[in-house]
Amino acid sequence: MEHVYESALDAVGHTPLIRLSRVTDGISAPVYLKAEFLNPGGSVKDRAARHMVRAAEHDGTLRPGGVIVEGTSGNTGIGLAIVAAQRGYRAIVVVPDKTSTDKLAALRAYGAEVVVTASGVSRNDPAHVSQLARRIAEETPGAWFANQYDNPANPQAHVDTTGPEIWAQTDGRVTHYIAGIGTGGTVSGTGAHLKRVSDGRVRVIGADPESSTYGGGDGSPYYVESIGHYLHPDTADDVWPLSYHSEVLDAIERISDREAIAATRALARREGLLVGASGGAAVAAALRVARGLGPDDLVVVVAPDSGRNYLSKYFDDDWLLRNGFLDGDRTRPVLGDLVADAPPPAAVPVTATVAQAQEVFGRTGAEVALVVVNRSSVSPSWAAGDVVGALFRDSLKGDLVEPLVAPALPTAGIGEPLDAALARVVGDWFAVLHDGRVRAVLPRPVR
């Protein structure tokens, strides 16, 4: 019987290609979206989860009644939780604190034990997602650490399934394959297969957050979940996942958070496709590439997961406003009116001396400065995730800045109505966010 399965695991894969017809206005090349959100767990990571567990069962590292442990932004954890539920394992999933509440709820619904840890720490910090997951696995009897970042079964899942599906679905006509780069498994494995069967004709293109180091960014935090490579300045060695085979890629398109989120919302409102922002980033990259192609080309782009995981973020106007991703309706004054001529925020590294801080205050004339991780910045703004606190000019004393750091300033988005924002934020100073980055530090107006 067709499309009748013995378990949820047998239903993984075989996702459809859906042609984009409205966001592609003016583009002659056909663009098809690989709808990975239609997997049982709602993401492409179901494929890797199933492959990794099967490989571990085969080599004996995961035994009956064992415990699956993984560090993840959520989707791989959900896939592993489904496998665990179906195969009789216990699952412990470690996630960063920036993971959407929707994903946390899904993990718990499948019976996984969820451990939330800090997101803005260096890879060598014991609290880092991968470090903590590895330690839990080492300390838990019968545990197996899935380690999707370095597990060869991750990209192999896409060599074996995703690549062949796309080739068959397009009758070998695909010319451009585009996917976000997270662990690298999806883009590397699928891309490797498509290049092999096409004798190198298919171009493989990665979509990457603008600040991710994969595409040459500075490694500062970004808001699109599940793709990119964040680099904390204190990381001793920037190790990329073994699942990412960069030699497979022909190019990388760097996509800003705003562009990714805008594409995500456009897919829902113009195509009826509710996908996550990593899919939005990939589609933004695909449309950019497709504009230079013709009708004889065929573009396939991966939408890794469902927008249902992000209803409280990318589809929530209030969240977008507060983080500076919407500019406001301009029917009343907005915070952006106050920052049009404001100077860039003064910033002091958390490792600075008081003498160095005094120099910053003297040069900028600021009364309050952001205290930031020790990252070089050539931008007029700072990623909110790099801000660890605030430093007031009148508090300077002693030798080092770190003991003087006050809590981070309250934030408001550049498009928020002025009256509503000022009614919400507390304190004498606040930071204004534009696209998730601190654009200005302002005193609270006297009312």
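Helix α2 (residues 75–87) contributes three residues to the lining of the largest cavity, the most of any element; helices here are DSSP runs of H or I with at least four residues, and strands are runs of E with at least two, numbered from the N terminus. The model is predicted, so that local features need pLDDT of at least 70 and side-chain atom pairs count only at pLDDT 80 or more, while totals for chains, interfaces and linings use all residues. Residues are numbered from 1 along each chain as its sequence is written, and side-chain values use heavy atoms, with hydrogens and water left out.

The structure holds one cavity of 30 Å³ or more, where a cavity is a set of points, on a 1 Å grid over the protein atoms alone, at which a 1.4 Å probe fits but cannot get out. Its volume, the space filled by probe spheres set on the points, is about 30 Å³. Leu9, Val12, Pro40, Gly41, Asp46, Gly79, Ile82 and Val83 line the largest cavity, lining residues having an atom within 4 Å of a point. Five of these are nonpolar, two polar and one charged (nonpolar: Ala, Val, Leu, Ile, Met, Phe, Trp, Tyr, Cys and Pro; charged: Asp, Glu, Lys and Arg; polar: the others, Gly among them).

The axes of helix α7 (residues 257–271) and helix α8 (residues 277–290), come within 7 Å and cross at roughly 95°; axes are lines fitted to C-alpha atoms over the stretch in contact, with angles from 0 to 180 degrees between N-to-C directions. The two helices are therefore roughly perpendicular (65 to 115 degrees). In the contact (heavy atoms within 4.5 Å), Glu259, Ala260, Ala263, Thr264 and Leu267 of α7 meet Ala277, Gly280, Ala281, Val283, Ala284 and Arg288 of α8. Seven of the contact residues are nonpolar, two polar and two charged.

Technical notes. 1 Å grid on protein atoms, 1.4 Å probe; cavity = no way out; pocket = protein on both sides within 12 Å on 5 of 7 lines; lining within 4 Å. Parallel < 35°, antiparallel > 145°, perpendicular 65-115°, else oblique.
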